[in-house]
Amino acid sequence: MREAARPSLAGLTTLRIGGNAIAELLLEDTDDFEKLPERLRAIGGAPVVLGAGSNILAQDGELPIVLVRPCFLQQLEILREINGKVFVRAGAAVSMSRLLRFCMKNGLSGLEGLVGIPGSVGGSVAMNAGSFGTEICANIERIKILSNNSVKEILAENILYGYRSLRVSKENLDFIVLEATFSLTNASIDGIRKHMCHNFFEKKSKQPVTAWSAGCVFKNPLPEMPAGKLLDLAGFRGKKMGGMAFSPLHANFLINEGNGCATAALDLMHEAREAVRRRFGFVLETEVRVVPCLSQ
Ligand SMILES: Cc1cc2nc3c(=O)[nH]c(=O)nc-3n(C[C@H](O)[C@H](O)[C@H](O)COP(=O)(O)OP(=O)(O)OC[C@H]3O[C@@H](n4cnc5c(N)ncnc54)[C@H](O)[C@@H]3O)c2cc1C
């Protein structure tokens, strides 16, 4: 296990804001699973599993957290094919873009809707990332997790997932996703490529995909009532505060204009949430993970 002191969250997240954690623990092999609880106890601070950092709003200052990064889990392979289903295993640290390229190259269909999501497999499974009507967890056959100091496999039927959330037990135990096995189907490479390209250009035309952001900051209160539309109607499209702004292209994307900070981001989000509540009666729930978490 490699350790680093005071890693900067601004340097590890796509929103590029946030202060320093106490430490960062980079897991290098499976032996580190056993060593982890002892190191966390010795260091103190709340553990936060970090993937690609594309859905995290880290608070400013010295943060009482320890980052845990299962970076070595990079395997990506076709396991077997049974009755028209092809099972693909991906480690938590595999990027979603690598997984989707692999699927396209091998003519494997199921995940095309997830193109353009800049996360890792582990973070995307933990968030049940989704777009264009595809949720990642709906395509899972099983996952491997580390929880309560042991490695466990959980079959799809026992995974409790919802809109941008995943639980692995009714007790809501903490866990690290180590790998996911996806159940996919064979399809033409050309068809998959066209589908992915279409989705990607659709995204690019409606979202500020190259800006410093963490994607959508609020969940949609109802499928037919997107948070972006409510924010737009409440006058928050393009609204700025302290170096942060709601994107003029997509009102639910909070952007760091270069000199933003978490205090400004959270203040702007609070103002927006209050305006939407007063005007439309919807209480917007945060989709981005605030680290350390806030009580809403
Ligand atoms: C431009 C842009 C576009 C986006 N578009 C979409 C979209 O279309 N749909 C969508 O759903 N999201 C979207 N997102 C948000 C984000 O990319 C996804 O939520 C992504 O799945 C997060 O993965 P990550 O590896 O970056 O996770 P992180 O941001 O690193 O972590 C997110 C959460 O998952 C936890 N976590 C991370 N790794 C693990 C693990 N191995 N085990 C357990 N918990 C873990 C973290 O503790 C944290 O709570 C977008 C973001 C950006 C910047």
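Which residue follows H1, and is its phi positive or negative? Helix H1 is followed by Gly44, whose phi is positive, near 80 degrees. The model discussed here is predicted: local features need pLDDT of at least 70, side-chain atom pairs count only at pLDDT 80 or more, and totals for chains, interfaces and linings use all residues. Residue numbers start from 1 along each chain as its sequence is written.

Helix H1 covers residues 31–43; helices (H or I, at least four residues) and strands (E, at least two) are DSSP runs, numbered from the N terminus. The expected span of a helix is 1.5 Å times one less than its number of residues.

The overall layout comes next. The protein chain is assigned domain 1 (2–69), domain 2 (76–204) and domain 3 (210–291), with bounds from an automatic or database domain assignment. Between the C-alpha centres of domain 1 and domain 3 the distance is 26 Å. Their contact takes 14 residues from domain 1 and 14 residues from domain 3, where two residues are in contact if their C-beta atoms, placed from the backbone, lie within 7 Å. On the side of domain 1 that touches domain 3, strand S4 (residues 56–58) gives the most, with three residues. That side of domain 1 divides into seven nonpolar, five polar and two charged residues. In this division Ala, Val, Leu, Ile, Met, Phe, Trp, Tyr, Cys and Pro count as nonpolar, Asp, Glu, Lys and Arg as charged, and the others, Gly among them, as polar.

The ligand has 32 residues around it, of which Gly51, Gly119, Gly122, Gly123 and Gly215 come nearest; a residue is near a molecule if its C-beta atom, placed from the backbone, lies within 6 Å of it. Elements giving two or more residues to this shell include strand S3 (46–49), helix H3 (121–127) and strand S16 (212–216). The largest share, five residues, comes from H3. By class, the shell divides into 17 nonpolar, 14 polar and one charged.

Most residues other than glycine have a negative phi, and most peptide bonds are trans. Arg6, however, has a positive phi near 50 degrees, and Arg16 has a positive phi near 55 degrees. Arg6 lies in the loop between strand S1 (2–5) and strand S2 (23–26), and Arg16 also lies in the loop between S1 and S2. Arg6 counts as exposed because it has 12 C-beta neighbours inside 10 Å, whereas Arg16, with 18, counts as partly exposed. The cut-offs are 20 or more other C-beta atoms within 10 Å for buried, 12 or fewer for exposed, and partly exposed in between, with C-beta atoms placed from the backbone. At the other end of the numbering, a cis peptide bond with omega about -10 degrees joins Val291 and Pro292. Pro292 is found in the segment after strand S20 (289–291).

Finally, Leu268 lies in helix H6 (residues 262–280) and counts as buried, since it has 21 C-beta neighbours inside 10 Å. Beyond its neighbours within four places in sequence, Leu268 is in contact with Met241 and Met244.
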